[in-house]
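Thanks, everyone, for making the time. I would like to walk through one model with you, slowly, and then take your comments.

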Amino acid sequence: ASFLNVSRPYVIKKIELGDIPCRKIGRHRRIEFHDLMAFQQRQKQASESALQQLTDLTQELKLGY
C-alpha cells in the first residue's frame, strides 16, 4: 500500500476484485513485484486516459482552459 501510496483497505479491495493477483500464506497476502508494477502502470494509463478525455471535453465546450 505504501509503495502505491494508497490505503491498505484499497489494496485489499483490489486484491479481492482480482485487479492485483496475490497468493496467501497463512493470513498474509503476498504480491509479486512485477504484478504490483503492472497494476501501477494500468492505474497510470487509466488516469492519463481520463485526464485526456476531460481535456478534450473542456476544449469541445470552449471553457477556456
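Let me begin with Thr58, which sits in helix H2, the helix that covers residues 33-60; and please keep in mind throughout that what you see is a predicted model. Thr58 has a relative accessible area of 16%, and because the cut-off for buried is under 20%, Thr58 counts as a buried residue. Its side chain reaches the backbone oxygen of Leu54, at 2.8 Å.

Staying with helix H2, Glu48 is also placed there, but Glu48 is partly exposed, with a relative accessibility of 47%. If you compare Glu48 with Arg29, the two are 19 residues apart in sequence, and their C-alpha atoms are 29 Å apart in space.

Which residues make up the largest nonpolar core? There are six of them, namely Leu4, Val11, Ile15, Ile20, Leu36 and Phe39, and the elements that contribute two or more residues to this core are H1 and H2. In soluble globular proteins, nonpolar side chains tend to be buried together. Looking at Ile20 in particular, and leaving aside residues up to four places away in sequence, we find that Ile20 touches Val11, Lys14, Ile15, Ile31 and Phe39.

Finally, the surface, where Phe3, Phe33 and Met37 form a nonpolar patch whose accessible area comes to about 300 Å² together. Of these, Phe3 belongs to the segment before helix H1, which spans 8-17, and Phe3 is classed as partly exposed, at 41% relative accessibility.

I will stop there and take questions.

Notes: Residues numbered from 1 in each chain as written. Predicted model: local features only at pLDDT ≥ 70, side-chain atom pairs only at ≥ 80, totals over all residues. Heavy atoms only, no water. Helix = DSSP H or I, 4+ residues; strand = E, 2+ residues; numbered from the N terminus. Buried < 20%, exposed > 50% of the residue type's maximum accessible area, 1.4 Å probe, protein only. Polar contact = N/O pair within 3.5 Å; in protein donor to acceptor, adjacent residues only side chain to side chain. Patch = residues over 30% accessible without salt bridge, like charges linked within 9 Å, V, L, I, M, F, W, Y side chains within 5 Å. Areas by Shrake-Rupley, 256 points an atom, 1.4 Å probe, with all protein chains shown as cover. Salt bridge = Lys/Arg side-chain N within 4 Å of Asp/Glu carboxyl O. Core = buried A, V, L, I, M, F, W, Y, C linked by side-chain atoms within 4.5 Å. Contact = heavy atoms within 4.5 Å.
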